[in-house]
Every structure is written in structure tokens, then in C-alpha cells.
Protein chains: 2
Amino acid sequence: MAVYTEVSEDELDVFLEQYDLGQALSCKGIAEGVENSNYLLHTESGYFILTLYEKRVNAEDLPFFLGLMEHLAAGGFMSPRPITARDGEKLKEIAGRPAAIIEFLDGRSIRRITPMHCALLGQTLAQLHTIGSSFTLKRPNTLSLSSWRPLYEACLESDGTALGPDLLPEIEAEITYLEDHWPEGLPAGVIHADLFPDNIFFLKDEVSGVIDYYFACNDFFAYDLAICLNAWCFESDGSFNITKARKLLNGYREVRPFSQKELEFLPLLCRGAAIRFLLTRLYDWLNQIEGALVKPKDPIEYYRKLRFHQAVTNVAAYGLD
Amino acid sequence: MAVYTEVSEDELDVFLEQYDLGQALSCKGIAEGVENSNYLLHTESGYFILTLYEKRVNAEDLPFFLGLMEHLAAGGFMSPRPITARDGEKLKEIAGRPAAIIEFLDGRSIRRITPMHCALLGQTLAQLHTIGSSFTLKRPNTLSLSSWRPLYEACLESDGTALGPDLLPEIEAEITYLEDHWPEGLPAGVIHADLFPDNIFFLKDEVSGVIDYYFACNDFFAYDLAICLNAWCFESDGSFNITKARKLLNGYREVRPFSQKELEFLPLLCRGAAIRFLLTRLYDWLNQIEGALVKPKDPIEYYRKLRFHQAVTNVAAYGLD
């Protein structure tokens, strides 16, 4: 749930003069995305999403994110297209924030995930990797291996023991293990890096949209898969649904086959993906702002996922032969 | 900002089977209304608002509210029309809540209020009173005179001194004064009772929608005007803008002329309208829920408005001759 920055009617009118979308007919704050302010904007040309980028997004990264959405959409991927202003730019400013108007895509994110959705997710993720590989801008993954120890230390400075005395030493041991064993040279390119169920729209049992590219970066393709295995294949009781994992991985390799090395490192990448979300959630949990509108997500959920992957010895545990 | 109850894709699909609107294409929680959960719903038939009625709305009142919206829209007033289900009903249930689908109206609520907006507001309010007078259902005003002393006593039980030691005795004295002087027999009918700037949409300098009828009730027409004078004619620095008040009152009487008695009692009704919002805001302020998404509104704003009207001796202070 978001909407942090309010937009006045005058600001919006002036903003829209830069586009060929006609006048604003309606503009409603929507509860979508937690990093930015989002409005559903109706103009004389149709429906759009107006996004104001808040402080957590680095403004220097915006050309990468918006360029990627444009590139993916042009390649036939279900990304919403950023709308280009009259001067050819996609990034503008409103209410003191960088802002963009994005195509409105129909579809609904789902809460009750079935194996069918996981198969579609796998295909979609592989399409994103394939089409994204010709995108020329680069952005390093600022939330991968090298960020984890600093994030851990920041958690240590806050009262990290609030979640139990054992958690922090276990996290540190895991980071050391990952630093020692992290792979090199796996197939890499643009990854979404945050493809949670909130960020995919389905319509009549097909994927109709993939949104929220604000963590996208260059990294191993298989790391994106690891993020998805964590986000889509655990049940709310903490159990791992191997049927969903199999569907996800098989859906993926229908479009882009895995290398042997990717499969070999998948359990380790799943541990890394679990640490990444465990650390950022822990940090947000320890540093939550009194009265903030966004309730921090449970870090322990990702601790349990980490424990699961630590016990995995090969990809058979994920349903592959 | 709202969205309290989440709706799953399955619940929405089953819900929509009761209507002739086709399938859901998109459904996004919107930050509109503070009492209910609101979604912007796109179906194969168009765009709608899906409202789930939360606990603060008494379910027994919903036929009055929805019937009124239908009645006003049928009479040519800019009220959104509730959509009738196949069985002829407007009120259904989803996710354990009473719910209705309401027509989507274009337009934007305004933050920078001008005298022109106040003139349009006056005309619009008088139209609501005129068209609403033939609506046959009745609903007493549960937040008028007889509710103020109990509300005051509930505030007293909480730590009412938090806002300063003088406030509560002053409020009690005012309630006693209002009880002794409240008029009888003024022209009455259906009033909106909550016509704040959030609840009117403007489009190209015309009123395009009046929403949020969930405080509507039967009471004096001039009391509705008093609520609007308080909500629209004070500046953010607390000063009263007599130009806006004159425009509001003159806009109103172009459509429905005042009686002499209404004018005579207007200052008193403004005091009552100030006490009503002062008390409900004070109650919410004293009983705010830790971590709630809705930040309580400032009660002191209405204390200042009360003080202004206490000093008014006749309607010349509101810009009328």
C-alpha cells in the first residue's frame, strides 16, 4: 500500500501538457507498489499508471528501468510501455519527484497460486531473460553477494537480537559460506530480481502483465529463478511445494534450457536469494518508522526458506530429475 | 487512504457472476474514502467502483444510502449510480462484507479551492436538497444534537485533557448552549452531511460527481450548508474567507431560496456543525489505533472554527447582505 506524495490538480495539468494524452479526467491513488506513489490516471487518451519515484529508488537508475520496460515491450514481452513525452523523454518530474506515465495493463495479481501459475511464471521469466539479453544499458545488482555483509552489519547495529539470539550468528555464518562458494561465469543478463506474485498479472489463465522493474539489474539468470522458487513455491505453512517448483523450472526450460552448471548451483543460489530477502526484511523490520503506512514484511519467513535450501543437496529436491 | 479488506481473485469472480458486467479484467485498491474499502474495478463492461462496507458503516443503513444514490442519479443529479445485480438487488456480499458496485465517475477532487468552486458547490448542494426531497426512505441524523453529549462523555472517559485543560469544559458549555437554542421546524429533507472537498469531483470547471453518501440523513437543509461553510470557506491558516462563503450561499439560493428563519439560525447551525466534527475528530484522536493506516484528523481545526462562529451575530459575517 502506497501513495506517499500527493499531486494537486494544477500540478497534474501542467505535467500533462508535456504529453500528447489530452486532459486529465480522473486520477486516483492506488494501493500498488511499496516503493513509489502510484496513481491510476484517466485522460482523454485512456487509462495509465502515473508513478512518482520516492526516495528509495535511485533517480540515476530510472533510465535503466524505463528503458528496460520499453525494450521488453518492443520485443513482445508483457511489460507496460512507458509513455514518451512530446520532447522524446520518458522521465519527467511532478510534485518534486521524478515521474513517468506507464501504460495501464489489465489483469490481476493472484493470491491463490496453483502449479499452472508456476508453469506460466517459468515461461514468462525465461522470455524476460531472452528478450532482455539484447538490452544495452547495464545496472549491477546492488542487493547481491557484496551487499549482504554490510546489510548484516547494519542489522547488528540496530537491536538485531529482537528476533532471537541465534539468528544473527547463523546469518553471518551463511554469508561467509556464500562468499566462499558463490559461482562465477553462470549465464547472465538482465533479471527482474523481484518477481513476486504481486508483480505478475494474470487474465483468463494467461500472463497479461509483468510490472515493477525497480530492482531489475544484470546478474545470473538462475538467481532470478531462485528468487521465484522462494517467492512462489512455499506454502503459507512454510512447506515447500515440489509440484510448483517442478512446474516453474520445466516452464522455464521450455523457453530457455538450463546449463548443467546452473542446475548444480541452483540450491546455493536459492540460499543466496533467501539471505537477500531475509536481510532486507530484517533491516526494514529493525528500522520501521513509527506510524508508517507500510507494515514491514516478516523476515522469519525467509529464515525458514533458507533453512530448507541449506538441506538441499541437488535439484531433485526442486522436482527435477 | 483505505483498503482494509482484501478480495481474492476467486471471491471476485464468484461475486461478479451475480451481475451482468462480464468478467473482471483488473481490480485495484484505491486510496479513497476512509470508512470503507474501495477498488477500481475494470470489467468487460467498463470501469466501476467496488465498495466493501467496513464496520463503521451500519449495514442496516445501506439500503438508504444506495437507494438515495439511485434516486439522485435518476433525478439528474451527479451521483454515481449503484449497479443492480441480476436479481434486482444493489447490495451484495464479498469477503464477508456487505458490498456494492457503483458507477465510476470521472473528475477530480480539488485541493486548491477557489470562490468559483464554492459557487458550484452551493448550486450542487441545493440541487441535492431539491432532488432528494422526493426520496421516500428516512434516516435520522445520528450525529446531530442528541449525539453530542454522549460523544462528549465518551471523550471525557478517554484522556480528554491531552489537548489542553480548557477544551472539554468549553465543549460542554457549547453543547449546553446548543441544546437550549437549537431551532425547530426549519426546512428539512435529505442532506449529504459530509460534503467535504474530497467528496466532489470537478471536471473542466464543472461538478462531475458527488460521492460518499454514507453520512446522508434527514435533517435541516441549512445544517448541510453550515457543514459546507466550515469545510470549504476557511483557509489553512484558520482565517475565514468571506468571498468563498458569499459565493457558496449565493450559489445555493440561485437554486433554492433561503427562508428568513434559516438565515437567522445559520450562525448557530455553523456552531453545531463545528461541534459535530470537533467531537468525532476528538473521539477518533483520543481512541486512535496503534499502527492504523488512517491518521486521525486534527480536532483543533474545528475548535478554531467553532470560536469563529461563536463571535458571529448575523449572516453579514458570511457575506450576505
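α8(A) bends by about 50° at Leu266(A), and a proline, Pro267(A), follows within four residues. The bend at a residue is the angle between axes fitted to the seven residues ending there and the seven starting there. This is a predicted model, in which local features need pLDDT of at least 70, side-chain atom pairs count only at pLDDT 80 or more, and totals for chains, interfaces and linings use all residues. Residues are numbered from 1 along each chain as its sequence is written, while chains are lettered from A and ligands numbered from 1 in the order in which they are written.

User: How far apart are the end C-alpha atoms of helix α8 of chain A?
Analyst: Helices (H or I, at least four residues) and strands (E, at least two) are DSSP runs, numbered from the N terminus. The expected span of a helix is 1.5 Å times one less than its number of residues. For the 27 residues of α8 (residues 260-286) of chain A this should be 39 Å, and the end C-alpha atoms agree, lying apart by 39 Å.

User: Which element gives the most to the side of chain B that touches chain A?
Analyst: Two residues are in contact if their C-beta atoms, placed from the backbone, lie within 7 Å. The contact takes 24 residues from chain B and 24 residues from chain A. On the side of chain B, α1 (9-16), β1 (24-29) and β2 (37-43) give two or more residues. With 6 residues, the element that gives the most is β1(B).

User: How many residues does domain 2 of chain A give to the contact with domain 1 of chain A?
Analyst: Domain bounds come from an automatic or database domain assignment, which for chain A gives domain 1 (9-103) and domain 2 (115-318). Their centres, taken over C-alpha atoms, are separated by 27 Å. Domain 1 gives 19 residues to the contact, and domain 2 gives 18 residues.

User: Is Leu12(A) buried or exposed?
Analyst: Leu12(A) is placed in helix α1 (residues 9-16) of chain A. Leaving aside residues up to four places away in sequence, Leu12(A) touches Val7(A), Ala24(A) and Cys27(A). A residue is buried if 20 or more other C-beta atoms lie within 10 Å of its own, exposed if 12 or fewer, and partly exposed in between, with C-beta atoms placed from the backbone. Because Leu12(A) has 20 C-beta neighbours inside 10 Å, it counts as buried.

User: Where does Lys204(B) lie?
Analyst: Most residues other than glycine have a negative phi. Lys204(B), although not a glycine, has a positive phi of about 50°. Lys204(B) is exposed, with 8 other C-beta atoms within 10 Å. Its place is the loop between β7 (200-203) and β8 (206-210) of chain B.
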